[in-house]
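Welcome, and thanks for taking a look at this model. The report below walks through its fold, its core, its aromatic pairs and its charged pairs.

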Amino acid sequence: MKRTLTLAALLLLCALACHAQKRAAFVLEPDAEFLFAQRDTCDLYMSVYEPSGDFEKARATVLFSFGGGFIMGSRNAEAYLPWFKRLGEDGFRVITIDYRLALKGKDVSGVKAINMIHEAVEVGVEDLYEATGYILQNAEALGVEPDRIVLAGSSAGAIISLQAEWHLCNRSKEAQALPEDFRYAGVMSFAGAIFSQEGKPSFKREPSPVLFFHGTKDKVVNYNKIRAIKNWFTGSATLSDIFAKRGYNYNIYRFLGNQHEIASCFLQTYDEQMRFLECNVLGKQKRIVDATVSDPSIKVFDFNLKKLYSN
C-alpha cells in the first residue's frame, strides 16, 4: 500500500515540473496545425515548427510529448518555445502533439493507483502512435522522412516516449498500430521511465539510440526504480544499466544532486542533444556516453510531497 501511494504521489507531482521556473514571455507561432485524432473526450492536434535559416529540408523531425503528470500541460507551452526555436535554427523540424490526460480529475490513491497510472501511460502511448501514423500517412505532404523521426519528451512525455519505444521493440499489441518495419530514429528522454507490469523491462529487439537526462535525486520520476511485485517503474539509472549490459546505443547524463528540474532543462543540455542527434542518430555511430554532471547553474527545487498534500 505504501509503495502504491508513493508511486501515485510521485507521478502526480510531475504536474509541477513544467511550471517550476518562471520565464520571460516568448512567442513562437507554429507553421501549421493538424487534427490527427478524435477521441470521445477530446480532439487531438499537432503543431509543426519548420526549420529556419538556409536549410532546404529538415535534417530530422523531433516528435515531442509535453510534461504535466498526466493531469495538465500543453503542446505549445511557453517553456518549450525557445527550445523549439533553437532546434529549428539547427535544421530540425519539431512536431509537438496533444495526448489525453487520463489522470485529470481523478483520485489517484489506494490499491487501484498503480493500474490507473499504468493506464494513463498506455493512453499516452496510444495517442503518440496515432500521431506517428498520421505523420507516416502524410509524410510527403509534411516533408517528413519516415526513417528520421526522433521521439522526445519531458517528464510524463518522456515516460510516454520511452514506453512507446519499448513496446515497439517488443512488437507488443500496443505497437500493432504502426507498420511492422517502422522504427523511430532515436529517443531523447528528459527525466523519463518505463512502466512495466511484467517485471524488469527487457527488449526483444535492440532499441533505437536513447539519450537520457535525469537528476540523481529526482523524487518525481524516480532516477533508479520502484518495484511492487511485478510492477516496475524503471528510471534512467536502471534502464542505462540494462542498455550497458546488452550493448545498446545510449547516452546518459546523470545530474548530481538535481531533482525533477532536469525535465525542463532543454537549453542547458542543448550541446549534448546536438552531439547525440548528429553522431548517434544521423551519423549512426555507436557512441556510448555515461557522464555525471555537477552544474551549480541549474537551480535545485525542493519538491516537497508533504507540503503539497497538506494544502
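## Ground rules

Contact here means heavy atoms within 4.5 Å. With that in hand, take Met 188: leaving aside neighbours within four places in sequence, Met 188 is in contact with Val 62, Trp 83, Val 150, Leu 151, Ala 152, Gly 153, Leu 211, Gln 273, Phe 276 and Leu 277.

Please keep in mind that this is a predicted model, in which local features need pLDDT of at least 70 and side-chain atom pairs count only at pLDDT 80 or more, while totals for chains, interfaces and linings use all residues. Residues are numbered from 1 along each chain as its sequence is written, and side-chain values use heavy atoms, with hydrogens and water left out.

## The chain as a whole

The protein chain has nine helices and twelve strands; these are DSSP runs numbered from the N terminus, with helices (H or I) of at least four residues and strands (E) of at least two. Among contacts between residues at least 6 apart in sequence, 79% join residues at least 24 apart.

Of the 311 residues, 57% count as buried. Buried means under 20% relative accessible area, exposed means over 50%, and partly exposed is in between (1.4 Å probe, protein chains only). The accessible surface of the chain comes to about 13700 Å², and 49% of that belongs to carbon and sulfur atoms. Accessible areas come from the Shrake-Rupley method with a 1.4 Å probe, and for residues only the protein chains shown count as cover.

A nonpolar core is a set of buried Ala, Val, Leu, Ile, Met, Phe, Trp, Tyr and Cys residues joined through side-chain atoms within 4.5 Å. Which members of the largest core touch the most other members? Of its 91 residues, they are Phe 70, Trp 83, Tyr 184, Met 188 and Leu 277. The largest share of this core, twelve residues, comes from H4.

Helix H4 spans residues 113–137 and also holds His 118. Is His 118 buried or exposed? At 15% relative accessibility, His 118 counts as buried. Beyond its neighbours within four places in sequence, His 118 is in contact with Gln 163, Phe 195 and Gln 197.

## Aromatic pairs

A pair of aromatic rings is described by the distance of the centres and the angle of the planes. Rings of Phe, Tyr and Trp (its six-membered ring) pair if their centres lie within 6.5 Å; planes under 30 degrees apart count as stacked, over 60 as edge-to-face and the rest as tilted. A search of the whole structure finds 23 aromatic pairs. In one of them, the ring centres of Tyr 49 and Phe 84 are 5.1 Å apart with planes at 45°, so the pair is tilted. Tyr 49 lies in strand S2 (residues 43–49) and Phe 84 in helix H3 (residues 81–89), so the pair ties together parts 35 residues apart in sequence. Tyr 49 is buried at 4% relative accessible area, and Phe 84 is buried at 2%.

The rings of Phe 195 and Phe 233 have centres 5.8 Å apart and planes at 80°, so this pair is edge-to-face. It links distant parts of the chain, with Phe 195 in strand S7 (residues 193–196) and Phe 233 in strand S10 (residues 231–235), 38 residues apart. Phe 195 and Phe 233 are both buried. Elsewhere in this account of rings, one aromatic cluster includes Tyr 49, Trp 83 and Phe 84.

## Salt bridges

The structure holds 14 salt bridges, each a side-chain nitrogen of Lys or Arg within 4 Å of a carboxyl oxygen of Asp or Glu. Glu 126 forms one with Arg 100, the closest N and O atoms being 3.3 Å apart. That pair links distant parts of the chain: Glu 126 is in helix H4, and Arg 100 is in the loop between strand S4 (92–97) and H4, 26 residues apart. Glu 126 is partly exposed at 42% relative accessible area, whereas Arg 100 is buried at 18%. Both residues belong to a network of salt bridges that also links Arg 39, Asp 127 and Glu 130.

Asp 290 forms a salt bridge with Arg 254, where the closest N and O atoms are 2.8 Å apart. Asp 290 lies in strand S12 (residues 289–293) and Arg 254 in strand S11 (residues 250–255), so the pair ties together parts 36 residues apart in sequence. Asp 290 is partly exposed at 43%, while Arg 254 is buried at 12% relative accessibility.
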